[in-house]
Amino acid sequence: MKSLVPEAFYWARSEEHTGGKTTIVQVSTVFGDDPDFWTLAIPGSEEHYMTSDFDIIALVEPLEGHSLRQAAE
């Protein structure tokens, strides 16, 4: 597994969960701050997946001049 950053967004794909289509996932620490407890969540979904369930492609880079903000901010 690549070195993930908590709460960061990544491009990823999963045959099992997305039919092999590319999607965006967020590294979630809802179950604990230790990397062993991190999960991946698809934004807009309440479901969490094991980090090993997805192939991480790349970090999502914000558009120039725009920052990614959490919904609660």
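**An open five-strand sheet**

Here, 5 strands make up an open sheet with antiparallel pairing, in the order β4-β3-β2-β1-β5. Its edge strands are β4 (48-50) and β5, each of which pairs on one side only. Direction ignored, neighbouring strands of this sheet are turned by 45° against each other on average; the axes are lines fitted to C-alpha atoms, for helices over the stretch in contact, with angles running from 0 to 180 degrees between N-to-C directions.

This is a predicted model, where local features need pLDDT of at least 70 and side-chain atom pairs count only at pLDDT 80 or more, while totals for chains, interfaces and linings use all residues. Residues are numbered from 1 along each chain as its sequence is written, and side-chain values use heavy atoms, with hydrogens and water left out.

**Strand pairing around β1**

- Strands here are DSSP runs of E with at least two residues (helices are H or I, at least four), numbered from the N terminus, and two of them pair if DSSP finds at least two bridges between them.
- Strand β1 (residues 9-13) pairs with β2 in the antiparallel sense over 5 bridges, and alanine 12 sits opposite threonine 23 in β2.
- On to β5 (residues 55-59): β1 runs antiparallel to it, joined by 4 bridges.
- Two residues facing β5 are tyrosine 10, opposite leucine 59, and arginine 13, whose bridge partner is aspartate 55.

**Serine 28**

- Serine 28 belongs to strand β2 (residues 22-28).
- Serine 28 counts as buried because its relative accessibility is 9% (buried is under 20% relative accessible area, exposed over 50%, partly exposed in between, with a 1.4 Å probe and protein chains only).
- Leaving out residues up to four places away in sequence, serine 28 touches Glu7, Trp38, Thr39 and His48, where contact means heavy atoms within 4.5 Å.
- A polar atom of the serine 28 side chain lies 3.2 Å from the backbone nitrogen of valine 30.

**The aromatic pair**

- The count comes to 1 aromatic pair, using rings of Phe, Tyr and Trp (its six-membered ring) with centres within 6.5 Å; planes under 30 degrees apart are stacked, over 60 edge-to-face, and the rest tilted.
- Tyrosine 49 and phenylalanine 54 form that pair, edge-to-face, at 5.6 Å centre to centre and 65° between the planes.
- Tyrosine 49 is buried because its relative accessible area is 12%, and phenylalanine 54 counts as buried at 5% relative accessibility.

Methods:
Polar contact = N/O pair within 3.5 Å; in protein donor to acceptor, adjacent residues only side chain to side chain.
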